[in-house]
Every structure is written in C-alpha cells, then in structure tokens.
Amino acid sequence: MWIGTFFALAAGLMWGLVFVSPLLLPEYPAALQSFGRYLAFGLIALPLAWLDRARLRELTRADWREALRLALVGNLLYYLCLAAAIQRAGGPLPTMIIGTLPVVIAVVSNRRNAWRDGRLPWARMLPSLGLIAAGIALVNRAEFEQMRADPQADPARYALGALLAFVAVACWTWYPIRNADWLRAHPDRSPRTWATAQGVATLVPALLGYAGFWLWSGVGGGAFELPFGPRPLQFVGLMFTIGLFASWLGTLCWNEASQRLPTTIAGQLIVFETLSALAYAFILRGTPPPPATLAGVALLVAGVMWALRVRPERVAV
C-alpha cells in the first residue's frame with residue numbers, strides 16, 4: 001500500500017508539470033502544445049523501446065490496440081482540452097476541476113471494479129470523499145471571487161475553459177480505469193514496458209496531428225511561425241522535459257501504483273497531481289495562495305490520508 005502510494009505521489013509531482021506549459025507558452029495554440037508534447041514523448045520512447053524490445057514483442061495486437069486507445073484519449077485528447085482550458089481560465093480553476101478526479105474515479109471504480117478489487121464500504125468512503133469535495137469547493141470559491149474582482153475578466157472565456165476542463169475530467173476518468181484493467185489483467189508484464197508501449201503508440205497520431213496543424217495553418221494563412229513557433233528553444237525544451245518526466249516517467253510511476261493499489265484508492269491519489277499543479281501555478285503567479293485555498297488544500301490532504309485507512313471488502317462473484 002505505502003509503496004504504491006509513493007509511486008502515485010511521484011507521478012502526481014511530475015504530472016503537475018503539465019499545467020505549467022500553457023502558462024509559460026500562452027501564445028502557442030493548445031493543439032500545438034498537445035501534439036508537441038506527445039511527439040516528444042514518442043521520440044523519447046523509441047530508444048527505450050529498442051532497449052526493451054524483447055518484452056515489447058510479447059505484446060499482442062490487442063495489447064497494441066489498447067495502448068493506442070489509451071494514448072489517443074488519455075494523452076492527446078486529454079491534454080488538448082486541458083491546455084485549452086488553462087489558456088482560457090488560468091491555472092487554478094481548471095486545476096481544481098481536474099481535482100474532482102479523485103471523487104469521480106473513486107465512485108465509478110467502486111461500482112465497476114468491486115468484483116476484482118473488493119468494495120470499499122460507502123459509509124467509510126464518504127468522509128474521505130466529503131473532505132476532498134469540500135477542499136475542491138473551497139479553492140473553486142476563492143478562484144471565482146478573484147475572477148469577479150477582476151474588471152478585465154471574460155466570463156464567457158472562463159466558462160469555455162471550465163467546460164473544456166470537464167471534458168478533460170471525462171477523458172482521465174476513462175484512462176486510469178482502463179489502464180488499471182490491463183495492468184491488473186497482466187500482472188506478469190512490466191509497468192515500464194507498458195509505459196514505453198504507450199509512448200510508441202502515441203508517436204504516429206502525434207506526428208500526424210502536428211503535420212496536420214502545420215498544413216492547416218499554411219492553408220489558412222495563419223501568422224503563427226512554424227514548425228516551432230516564435231520561441232523555438234523554449235518550446236522544444238519544454239516539450240521534451242514534459243515528455244520525459246510527465247509522460248514517460250510519470251506514466252511508469254502511475255503504472256507501478258496501479259499494479260499495487262485498488263483502483264478506487266489509486267483514483268483518490270490523483271489528488272497529488274492537483275496539489276502539485278496548484279503549487280506550481282501560485283509559484284508562477286508570484287503570490288501566496290489565499291487562506292481559502294490553503295484550507296482547501298488541507299482538506300484535500302486530510303481526505304487522502306483518510307482514504308488510505310479504508311480497506312476493501314471482498315465481494316462474492
């Protein structure tokens with residue numbers, strides 16, 4: 001349990017970095033950032049795939065199809081929606097909408113995977129879910145108050161950002177549950193190999209998407225400088241940094257956690273990503289978080305610690 005929690009914490013610290021890129025590169029379209037990040041992930045995965053080629057050969061066509069599905073929904077579509085949401089609504093609001101993932105995944109997996117992981121009693125889960133939900137609500141309230149105090153705020157733009165963040169939540173509710181299904185069904189397979197397989201599967205659609213964006217921009221007569229935009233060194237460096245740490249290494253750590261933890265508990269540990277992203281966002285802002293945000297973070301941490309004390313009960317199949 002604690003080793004799995006450590007891997008989930010490491011994944012959250014690295015995944016929090018993905019919330020930084022749209023803030024550091026606000027002039028870059030969200031589609032270009034999504035395709036660029038996963039193109040870098042795929043290129044990083046190629047030499048790793050060569051080193052791990054013996055185990056990759058053991059994967060069946062069905063395994064590669066599943067890796068491609070996970071790559072399309074959990075990687076490309078998820079980050080496209082998230083980057084667009086952050087560019088429209090800032091960092092904290094989409095971060096806290098994504099922060100509902102522990103509650104959503106816990107509820108879905110407790111109904112869906114009870115036969116495999118055991119059922120966490122709802123009466124014992126409610127306190128942790130309530131603490132997490134209250135923490136999210138507190139931080140969201142603080143962000144809404146700040147938005148109302150800003151005379152230049154665009155409510156429609158914020159609303160679109162929130163909607164895109166909810167689409168990202170749907171993508172990343174589906175991804176960890178399906179990813180855990182494969183890992184738990186193949187306990188003899190290496191989580192490292194599965195992370196590399198997803199990187200290789202991501203490469204072709206990311207390359208096609210990047211080329212398609214380049215072609216679409218050329219036909220549309222856009223003024224955006226391609227292939228790497230107005231700040232090529234920063235863009236390429238940031239894409240490869242996120243591709244290595246947030247994509248491959250973060251996926252590896254999450255796979256290790258998913259093989260050790262029930263999906264219901266692993267889903268709640270995604271809160272580490274929310275906490276990391278919030279910390280990075282306020283560091284970039286250069287201002288300390290308001291008291292309501294700090295109180296919300298404390299409730300999130302308390303909810304996670306409570307969740308770790310709950311043990312699943314076996315269910316008759």
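I began with the second largest cavity, where α13 gives the largest share of the lining, 3 residues. Helices here are DSSP runs (H or I, at least four residues), numbered from the N terminus. The model is predicted, so I note that local features need pLDDT of at least 70 and side-chain atom pairs pLDDT 80 or more, while totals for chains, interfaces and linings use all residues. Residues are numbered from 1 along each chain as its sequence is written, and side-chain values use heavy atoms, without hydrogens and water.

I took a cavity as a set of points, on a 1 Å grid over the protein atoms alone, where a 1.4 Å probe fits but cannot get out; lining residues have an atom within 4 Å of a point. Volume is the space filled by probe spheres set on the points, which are joined across faces, edges and corners.

**Second largest cavity**

I recorded about 40 Å³ of space here. I listed Ile 105, Pro 176, Ala 180, Trp 254, Ser 258, Thr 263, Ala 266, Gly 267 and Ile 270 as its lining. Two or more of the lining residues come from each of α10, α12 and α13 (263–268). I sorted the lining into 6 nonpolar, 3 polar and no charged residues (nonpolar: Ala, Val, Leu, Ile, Met, Phe, Trp, Tyr, Cys and Pro; charged: Asp, Glu, Lys and Arg; polar: the others, Gly among them).

**Largest cavity**

I counted 2 cavities of 30 Å³ or more, and the largest has a volume of about 120 Å³. Of its 14 lining residues, Trp 15, Arg 37, Tyr 38, Gly 74 and Trp 172 are the closest to its centre. I found at least two lining residues from each of α3 (30–51), α5 (61–89), α10 (155–185) and α12 (232–260). I classed the lining of the largest cavity as 8 nonpolar, 4 polar and 2 charged residues.

Key: On a 1 Å grid over the protein atoms alone, a cavity is a set of points where a 1.4 Å probe fits but cannot get out, and a pocket is an open set with protein on both sides within 12 Å along at least five of seven lines; lining residues have an atom within 4 Å of a point.
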